[in-house]
Structure formats: structure tokens, C-alpha cells
Amino acid sequence: MKYLIKKFCTLIITLFFISLLSFLAFQVIPGDAALSKLGTGATEQKREKLRREMGLDRPVLEQYGIWLKNFGQGNMGESYTYSLPVSEMIREKMPANLAITAMSFLMMLAVSIPLGLLAGRYAGRIPDRILTVCNQFVMAVPGFFMGILITCVFGLALHWFTPGGYVSYQESWSGFFGYLIFPSIAIALPKCAMGVKLLRSSVIGELGQDYVRTAYSRGNSQAQVLLSHVLKNSLLPILTFWALAIADIVASSVILEQVFTIPGLGTLLVQSISNRDYPVVQAIIVLIAGLVVTINFLVDLLYGIIDPRIELRG
Amino acid sequence: MRPKKGDFKKVKKEKNYYFISGGILVTVVTVFMLVGLFYTPYDSEAMDLSLKFAPFTLAHPFGCDQFGRDVFSRVLKGSGTTFLVAAGTLIIGGGLGTLLGLFTGYFGGWPDEVLMRFNDLVVAFPNILLALIFISILGPGKYNVILALGIVFIPSFARLVRSEVIVHRDMDYVKSVRLMGGSHLRILFVHILPNIKGTLFSALAIGFNNAVLSEAGMSYLGIGVQPPDASIGRMMSEAQAYIFAAPGSVLFPGLVMILMVLGFGLLSDGCSV
């Protein structure tokens, strides 16, 4: 319980600092929000009036308080460029990223756990060698290049999907997932390779432990020992990697969106950066960072559940 | 029995194949990139529409792109820029990060505590996202990318070096130096630093890869290196639409990156063995 409370406090403090930093970062930029919203043609009085409406004449910390309060209520401000509520723009774009992240993560789990076990079990033998070589190559391919290759092979040559033919989930769920599965593969592949590499060394370490010999001596079959004893213990050090992988997957989805022309958060982020549309940039960044921190918190909790010893130490 | 003369030779140090193969790859790619900084066979921006989508020939080994620009020259030039960005990033991020890690790890105290908490915060942001924040503040361009990535890379190096220094700080050899009257700076830079160089080189190799991948990713998105500087990432995003007409301008930049990442990855594995 103490462990849980400590972790929870850390989570809250980190979230607070993330929001503060993201807010302050966009305060130091030279430039006038009222000016960029109204354009250079507006008169000085008009700008002054808008500045007061937006609360820009107040002290910075007070502005932060107001912004945080609104943010907590789901009001993320208004886009400078489109004059739309930011929350609405984000809600519209978010499903694509969530789907890509979830699918890539599941693919990573589904591929890396069995292959990692296999490579660790046959360490130094043929299956392991083949996997190690493949891993080195797969890890070396940048995500967006993998995306381009996949578009080329599955889209343009084999016609399994139409590049650029993204279907919104509102139109058809099967079309939505059917299209997003390809960017998900591109993101998941390097992560799979990394996962296999880590799990392999973890499994090798566990196989040398005394409890494995005990388990065999009690008459357990090899499959039983591997699946019910070794796997659970080997996964423990990998959990941290998975948490970091989620952050990476979210970041890669921002780039892969461009490769597959999916109108998601990444496209919105890039556009907003080019247009200097700061409320949008700010909101997206806080959301993604918040998501990552929350996931890390959940992984910490999971650690406590899987390995009860951590509770004692914490 | 007296050992025969040849007996000792049999105990050979096992060859570090990771290091060797990585080293060769890295050398080749680095030479390629360095050449690209200073020399290209054609002007990388010279357009010649008569050569539009020209196939692979001796004069144009990688063919020509949609504007009739020589792809080989562009890959060379782009690799050069990429190398510059990655090297700059490592100098800023690796250099400052190592210094920070050395001092906070060695002296401890509140600066150490502050740094670690700040580190926890920064880790919450994926690398490229953090770099994008800086870019949105600084504006795009080659030097801003170096600055942004450099700053983003500082915490990871600081954390790594710090954890190593903490291990070495209380070792006997450090205590001996202290007894002999060696100053803190001498202990840090003459004694501890050489002892953690394996880990550091390994991290630098991985850092180089990450810098290249981040730069390429940012340039691919169009908010990294800006024209007239050529960049591998931007080349690929421009050429993607013409992949069948001019496969070279997508495949070769990709290949250079793959070889480089592979090389540095192997080198890093070799360093940490």
C-alpha cells in the first residue's frame, strides 16, 4: 500500500510538472498570440481587446492556473488557425493513433514472447542464430523506411490495400482496422526484434537458476517448465522495456501517419507546428506525455502484483 | 614437464566479430558521409529535365529523380548533412550529458537529486516528440535540429554516466588515488572516465543511431533540415510518390541508413562485450 501511494504521488507530481513545462515552454516564444490570431491587418485596439479576452494581460502563473483548470474540464482552448475547439479537433484524430498503438503493441507481444522463448531455449543453436541475424537487420531499418517498403510491396505491388485510402472508423470498422494494420506492422517489427533480443538474454539467465532444475526434477515436462516457471520470471525485466516501447510506438505513429497519409494526431501536430498554432501543439504534447507517464505508473503497479517482493522493498 | 614453445600460442583471445564487422561497416559509411560533406560528382540541386527518371548508368550510378537530379550526388550530400547533425548532436548531448553525469554521480547531494527528478520528467516524452517541441519553439533548420536533438540527448547520457560513476566512486583504486592526494578532477577525468569508456562508447554508438533516425524522421515530416540543405529523410519523403519511376532515390538513402544503423548497432554490441 505504501508503495502504491508513493508511486501515485510521483505520478501526480510528474503530471503537474509536465503541464507546467509545456505551458511555460510556449510562453517564452517571442510573438503575440493575439497578433497571430487576428493577422497583421488588425488595429491595435482590436488586438488589445482580444488579448484581454484571452487573458494574456494577466500574470503568467495565473494564466497557467486558468489553462490547467480548463484543461482538466476538457476545454483545451481554441486553435489559432481554425478557430475550432482544440478538444474537438483532437477527439476526431485520436482514434487512428489509439488503434495503431494498440495493434502494434499486441503484435509486439504476440511475436516477441514466443520467439524470445524459442531463441533463449535454443541459445547458440540454429533457431537462435537465424533469429539473431534477422533481429540485427530488422532493428536497423528505420520505421518510416519500413513503412515505405510495406506500402510498396503490399499496397502498390500486391494490392492488398490502397495507399492513401484511409477509411474513418465512422464509415467502416473493418476498413479502418484493415488499413491501419499496415502501419502497425511497420511500427511493431523493430520493437519485436528488440523484444526478442531482450527476452532471449533474460530466458538464458533464468534457465541457469536452481528452481529450473528443481522443476525438472519434480517431473515437469519441458514445456511446463518453460511456460509456467521460466517465462513468468523472464518477463519481469522486460516490463520496463514494454512501457518504454509504448512511448516509442506513440512517437513512431506520428511519423508513420505521414507515410500512410492517415489524418491523425501526428499530421495535426506537424501542421500546427508549421502554422505556429500553439494551443494545439501544447494540448497534443501534454496528452501524449500524460499517457506515457500513466502507462509507466501502471507498469510499476504491475511489477508490484507480479513480484510481491517489490512491495516489501518499496 | 616443461611446456613446449608453441603451447602458449594456442590460447588466443576470442575474436570480437561484432566489433570487427561493425567497425568495417561504420568505417565505410562514415567515409561515404565525410566525402559527401565536401564533394559530390554533380551539383546535388542541378536539375536537368532531359534526365528525368534516368535509369542506372555509369554516369549516374543511382539514376536520376523526378527533376533529373543525380541521385548519387544527392545521397552523398544528404548523408553528409545527416553526419553533421548526428555528430553535432553527440557533441552537445554526449559531451554535456557525460560532464553532468560525472559531476552529479561523483559529488551527489542536491544537484544529483534535482537532475534525477528532471530526468524522470524528460523520460516521459518520447525523444522525437521532445525534439519537435524545441523545433516548434526554435523554428526548423539544420542548426536548430542539432541544438534540439543535442538538448534532448543530454539526460540519457547523464543518467548512464552517473550510474557508472556511482559504482566506481567507492572502489579501492579511487580511494588509493584520494590517499595519494589526487584532486577530484584528476580522479574523475584521469581515473574514472577511462574505466567507464566501454559503456560510454557503446552508448555513443547507439546515440549516433538515434540521432540519425530522429533527424531523418523530423526531416521526413518536413520540420527538420530545410532546403537548400539536402537530407536523407527529406529526399525519401519527396521521392516516395515516384518509387516505381525512380526507385533509387528512395532505396539508396534507405540503404545508407540501414547500413549505418546496422554498423553502429554491431559496434555498440562489440563495445559492451
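Phe83(B) counts as buried in this predicted model, because its relative accessibility of 15% lies below the 20% limit that defines a buried residue. Phe208(B), at 5% relative accessibility, counts as buried too.

Aromatic pairs, taken over all chains, number 19. In one of them the ring centres of Phe83(B) and Phe208(B) are 5.9 Å apart and the ring planes meet at 55°, so the pair is classed as tilted. Since Phe83(B) belongs to helix 2 (residues 71-107) of chain B and Phe208(B) to helix 8 (residues 197-221) of chain B, the pair ties together parts that are 125 residues apart in sequence.

Phe103(B) and Phe189(B) also form an aromatic pair, which is edge-to-face, with 6.2 Å from centre to centre and 65° between the planes. This pair, too, links distant parts of the chain, with Phe103(B) in helix 2 of chain B and Phe189(B) in helix 7 (residues 184-195) of chain B, 86 residues apart. Phe103(B) is partly exposed, its relative accessible area being 31%, and Phe189(B) is likewise counted as partly exposed, at 33% relative accessibility.

| Aromatic pair | Centre to centre | Angle between planes | Class |
|---|---|---|---|
| Phe83(B) and Phe208(B) | 5.9 Å | 55° | tilted |
| Phe103(B) and Phe189(B) | 6.2 Å | 65° | edge-to-face |

The setting for these pairs is chain B, which has 10 helices and 0 strands, and whose C-alpha atoms fill a box of roughly 75 × 65 × 30 Å along the principal axes. Of its 273 residues, 50% count as buried. When contacts in chain B between residues at least 6 apart in sequence are considered, 72% of them join residues at least 24 apart.

Elsewhere in the chain, the charged end of Arg121(A) sits over the ring of Tyr122(A), at 4.9 Å from the ring centre.

As for helix packing, the axes of helix 1 (residues 2-25) of chain A and helix 4 (residues 60-72) of chain A come within 11 Å and cross at roughly 120°, which makes helix 1 of chain A oblique to helix 4 of chain A. The crossing of these two helices is right-handed. Among the residues that make the contact are Phe16(A), Leu20(A) and Phe23(A) from helix 1 of chain A, together with Tyr64(A), Trp67(A) and Leu68(A) from helix 4 of chain A.

Methods:
Residues are numbered from 1 along each chain as its sequence is written. Chains are lettered from A and ligands numbered from 1 in the order in which they are written. This is a predicted model: local features need pLDDT of at least 70, side-chain atom pairs count only at pLDDT 80 or more; totals for chains, interfaces and linings use all residues. Side-chain values use heavy atoms; hydrogens and water are left out. Rings of Phe, Tyr and Trp (its six-membered ring) pair if their centres lie within 6.5 Å; planes under 30 degrees apart count as stacked, over 60 as edge-to-face and the rest as tilted. Helices (H or I, at least four residues) and strands (E, at least two) are DSSP runs, numbered from the N terminus. Buried means under 20% relative accessible area, exposed over 50%, partly exposed in between (1.4 Å probe, protein chains only). A charge sits over a ring if NZ of Lys or CZ of Arg is within 6 Å of the ring centre and within 35 degrees of the ring normal. Axes are lines fitted to C-alpha atoms, for helices over the stretch in contact, and angles run from 0 to 180 degrees between N-to-C directions. Angles under 35 degrees count as roughly parallel, over 145 as roughly antiparallel, 65 to 115 as roughly perpendicular and the rest as oblique. A crossing is left-handed if the near helix is turned anticlockwise from the far one by less than a right angle, and right-handed if clockwise. Contact means heavy atoms within 4.5 Å.
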